[in-house]
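Please read it alongside the sequence and the coordinates.

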Amino acid sequence: MDISLHNAAEQVDSGKKAPLKLYKSIIFTKKQKGYLVVKRVLDVVFAGLLLILLSPAFLLIALTIKLTSSGPVLFRQERMGQYGKPILIYKFRTMYRDAPNVATAELSDPDQYITPVGRFLRATSMDELPQLLNILKGNMAFIGPRPLILSETGIHTSRLQEGVYFLRPGLTGLAQVNGRDLVSPEHKVAYDVEYLHTFGWKQDFSILFRTVAAVWKRDGIAEGTQTEFKVEPETVESAEPIKVTEENYDQVP
């Protein structure tokens, strides 16, 4: 039985943990389905290798966090995942224990909550590394729309309407390499939709290399409610539109 977008949005607003029902189903082409299978295999292989290679760095970061502030090493938070199902993501803790559990963009003065070590980890994006575990678990990918906290209802409603939640959320994505924190919520959704219609080898490798460059330059990093959005996406073009049907996602093979 289908559920309307209105009802799905109400589920987000109410904070329920039950999976959201997508208003429309998206049927990927045979080529797209094949790429998603290969992409998943590569995600698992490279996430496993990176966890092994970076284990000394993980240990060093964990010890530094533990020795410089009280609290757990890892920060766990519910985010919205594929098909509107809440997932638990992992990050290195970058804030003090009394920090509000909200998006950093909602804080008027986030600096008072960020630890000195956390400031470095956030600037270098190293706080995101534990999400390699999420990739191995299967609820994230290297490339995809970033998973958002459950309270960001406006973006969730737009993503539901556009079909973005048929994709696994990613460690990095198109919005992250086009301004990151300087991109408004509305334009982030526009980038999500563009990725939905253009994902593939070429797009993913481009995002991967641009992510490395952005992290190296520390581009697009801003914290708190005083952030001034400066980046706007170009017009989204899709040479091969994805087929959209009126089915519920549970019925998609």
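Which residues have the most contacts inside the largest nonpolar core? They are F28, I65, F92, L132 and Y195, in a core of 32 residues. A nonpolar core is here a set of buried Ala, Val, Leu, Ile, Met, Phe, Trp, Tyr and Cys residues joined through side-chain atoms within 4.5 Å, where buried means under 20% relative accessible area, exposed over 50% and partly exposed in between, with a 1.4 Å probe and protein chains only.

The model is predicted, so local features need pLDDT of at least 70 and side-chain atom pairs count only at pLDDT 80 or more, while totals for chains, interfaces and linings use all residues. Residues are numbered from 1 along each chain as its sequence is written, and side-chain values use heavy atoms, with hydrogens and water left out.

Helices (H or I, at least four residues) and strands (E, at least two) are DSSP runs, numbered from the N terminus. A second, separate core of five residues includes L148, V164, V189 and V193.

Strand β3 is largely enclosed by the rest of the structure, because five of its seven residues are buried. Strand β2 (residues 74–80) pairs with β3 in the antiparallel sense over seven bridges, pairing requiring that DSSP find at least two bridges between the strands. Leaving aside neighbours within four places in sequence, F92 has contacts (heavy atoms within 4.5 Å) that include F58, I61, I65, L74 and L121. In helix α4 (residues 116–123), the buried residues are V117, G118, L121, R122 and A123, and what covers them includes α3 (55–68) and β3 (86–92).

A search of the whole structure finds eight aromatic pairs, counted when the ring centres of Phe, Tyr and Trp (its six-membered ring) lie within 6.5 Å; planes under 30 degrees apart are stacked, over 60 edge-to-face and the rest tilted. Two edge-to-face pairs are tabulated.

| Pair | Centre to centre | Angle between planes |
|---|---|---|
| F28 and F199 | 5.6 Å | 90 degrees |
| Y35 and W201 | 5.3 Å | 65 degrees |

Because Y35 lies in helix α2 and W201 in helix α8, their pair ties together parts that are 166 residues apart in sequence. Y35 is buried at 9% relative accessible area, whereas W201 is partly exposed at 44%. F28, Y35, Y195, F199, W201, F205 and F209 form one aromatic cluster.
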